[in-house]
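Open the model in your viewer and keep the selection tool at hand. Each stop says what to select and what is there.

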Amino acid sequence: MQNQTAEKAAKPAVTSKTSNFVQSAMAACLGVFVIGFVGFSHLEVVHNAAHDVRHANAFPCH
């Protein structure tokens with residue numbers, strides 16, 4: 001009886017398939033935010049900061 005309780009407690013609450021989907025969805029949301037807000041921001045400070053980071057990482061942007 002005690003072994004059955006220990007086995008049930010040891011199982012993860014979330015399956016790896018669900019976890020992978022949640023992680024992928026959150027990464028997609030972050031990417032949409034970065035492209036949508038930072039990339040097309042009309043605030044010059046935000047846009048210039050993103051632009052400088054792209055240059056600092058040797059990422060061609062224009």
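Select F33 and F37. Both sit in helix α2, four residues apart, which is about one turn of the helix. This is a predicted model. Display the two rings. F33 and F37 form a stacked aromatic pair, with 5.3 Å from centre to centre and 15° between the planes. The aromatic pair count comes to one.

An unreviewed UniProt entry annotates residues 21–40 as "transmembrane region". In the model, this span is 95% helix and 0% strand. Its end C-alpha atoms lie 28 Å apart.

Now show helix α2 (residues 16–39) together with helix α3 (residues 44–56). How do their axes cross? The axes come within 9 Å and cross at roughly 120°.

Zoom in on the contact. Which residues make it? From α2, pick F37, V38 and G39. From α3, pick V46, H47 and A50. Colour them by class: four are nonpolar, two are polar and none is charged.

α3 has 13 residues. From its first C-alpha to its last, α3 reaches 18 Å, close to the 18 Å expected at 1.5 Å a residue.

Last stop: step just past the end of α3 to A58. Check the backbone there: A58 takes a positive phi of about 60°.

Methods: Residues numbered from 1 in each chain as written. Predicted model: local features only at pLDDT ≥ 70, side-chain atom pairs only at ≥ 80, totals over all residues. Heavy atoms only, no water. Axes fitted to C-alpha atoms, helices over the stretch in contact; angles between N-to-C directions. Helix = DSSP H or I, 4+ residues; strand = E, 2+ residues; numbered from the N terminus. Contact = heavy atoms within 4.5 Å. Nonpolar A, V, L, I, M, F, W, Y, C, P; charged D, E, K, R; others polar. UniProt positions renumbered as here; feature names shortened; annotations may be inferred. Expected span 1.5 Å × (residues − 1). Phe/Tyr/Trp six-rings, centres within 6.5 Å; stacked < 30°, edge-to-face > 60°.
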